[in-house]
Amino acid sequence: MRRKGIAVVGAGLIGRRHAGLIARHDHLAAIVDPAPEARAVAEDLDVPWADDLPTFFAAGAPDGLVIATPNQLHASHAHLAISAGCPILIEKPITDSSVSGAEVVRAARDNGVPILVGHHRRHNPIIAAVKDAIDGGAIGRIVAVHGQFWLYKPEEYFVPSWRRRSGAGPIFINLIHDIDLLRYLCGEIVRVTAAQSNTARGHDVEDSAAVLIEFESGALGTFSVSDTVSAPWSWEFTSGENPAYPRCDTSAYAIGGTHGSISVPDLMLWLHPRKRGWWEPMEGRRIEVVSEDPLVRQIQHFREVIEGRASPLVSGEEGLRTLRVIEAIKHSAEERRGVDLIY
């Protein structure tokens, strides 16, 4: 028996947001989470509630499943859905390690079950516009990339102890989004060299890191990440994607090519109008896009994947490759050496 609609397992912050969007833009089959708060969310949305995913699946799989549980549960929940032939959208990271992530990807491939990984920024029209500009040759061959994630997380953010311990920190929690976008826009990453520091906050996990990135194309990139800098240069502050963050009209990334450069997400394209040269004038123009909620677009895309009308924009393999880059960055910072990516 197949249940109509998309179910959500895990009713934390992102799970509740998924549930509300599915209820408005698709059909919410159920919320699965043992917490009393989750049951209240289900009642508010007037949908079934279940406290256990195996029990829920025993009565029939839904059209699709959004996995928004803690990272360490992603693999077990994914395998359960795969065994039921149920397409899945897994919140990033695909799992808590590349080893378990590879097992999920293999199982999905062997069983013909599609996986969509929740790197939702790829669904933002801003990123689609940047991708089109780069692929269309607007800036020529990419030579250099620079990105920043600088903002200040308030002290109350760190009240839950897990946010001060290994496995948290801005590399795993925040930089993974940025690395996924750089891979998507600029090509595969083949080597990283990183350094990290915890001196500002003194927690067990880093509060700042710097990364040198080598792309397969020969392009080089740098990325600076810190959750203890009072600054606007982050995707969160500059994209306007999440209304929880006050928007600042500046950029978080700069992508430089042989014929021009583009800053993101403010979408300023800089070109020499006549002849290229350091003494020649440059002109900047803003690429215009229509703003849309990438989480809504992601759910709509998931429905297309479920119905066989589209292939996942962020497949299980793509999510796994991004996770491997993040793991390599952590290894590089901890071991104080460059790390090659082997795919």
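How many bridges join β11 to β12, and do they run parallel or antiparallel? Select both strands: 4 bridges join them, and the strands run antiparallel. Strands here, like helices, are DSSP runs numbered from the N terminus, with at least two residues (E) for a strand and at least four (H or I) for a helix. Two strands count as paired if DSSP finds at least two bridges between them.

The model is predicted, so local features need pLDDT of at least 70 and side-chain atom pairs count only at pLDDT 80 or more, while totals for chains, interfaces and linings use all residues. Residues are numbered from 1 along each chain as its sequence is written, and side-chain values use heavy atoms, with hydrogens and water left out.

**Stop 1: β11 and the sheet around it**

Stay with β11 and β12. A hairpin joins them through 2 residues, and I255 has I262 in β12 as its bridge partner. Of the 5 residues of β11, 4 are buried, so the strand is largely enclosed by the rest of the structure. Buried means under 20% relative accessible area, exposed means over 50%, and partly exposed is in between (1.4 Å probe, protein chains only).

Next select β7 (residues 142-150). Strand β7 is joined to β11 (residues 253-257) by 5 bridges, and the two run antiparallel. Look for H146, which stands opposite A254 in β11.

Now show the whole sheet. It is open and has 9 strands, in the order β14-β13-β12-β11-β7-β10-β9-β8-β15, with mixed pairing. At the edges stand β14 (283-286) and β15 (339-340); each has a single partner strand, so one side of each is left without a neighbour in the sheet.

**Stop 2**

Select the loop between β12 (260-264) and β13 (268-271), where P265 is found. The peptide bond from V264 to P265 is cis, with omega near 10°. L267 is in the loop between β12 and β13 too. Its phi is near 60°, a positive value in a residue other than glycine. L267 is buried, at 2% relative accessibility. As background, most residues other than glycine have a negative phi, and most peptide bonds are trans.

**Stop 3**

Select β5 (residues 88-91). I88 and I90 point one way from this strand, L89 and E91 point the other way, and all are buried. Strand β4 (residues 61-67) pairs with β5 in the parallel sense over 3 bridges. I67 has I90 in β5 as its bridge partner.

Continue to P93, in the loop between β5 and α5 (98-111). The peptide bond from K92 to P93 is cis, with omega near -10°.

**Stop 4: the nonpolar cores**

A nonpolar core is a set of buried Ala, Val, Leu, Ile, Met, Phe, Trp, Tyr and Cys residues joined through side-chain atoms within 4.5 Å. The largest one has 48 residues, and I31, F56, F57, L65, V66, I88 and I90 have the most contacts inside it. Apart from it lies another core, of 47 residues, including A133, C186, I262 and I287.

Centre the view on F56. Leaving aside neighbours within four places in sequence, F56 is in contact (heavy atoms within 4.5 Å) with R3, A7, A30, V32, A50 and P62.

**Stop 5**

D46 lies in the loop between α2 (36-45) and β3 (49-50). Is D46 buried or exposed? At 69% relative accessibility, D46 counts as exposed. Phi of D46 is near 60°, a positive value in a residue other than glycine.

Select S166, in the loop between β7 and α7 (169-186). S166 is exposed, with a relative accessible area of 71%. The C-alpha atoms of S166 and L28 are separated by 35 Å, and the two residues are 138 residues apart along the chain.

Then select S332 in helix α10 (residues 316-335). S332 is buried, at 0% relative accessibility. V192 is 140 residues from S332 along the chain, with 7.1 Å between their C-alpha atoms. Leaving aside neighbours within four places in sequence, the contacts of S332 include V192, T193 and A194, as well as R337, G338 and V339.
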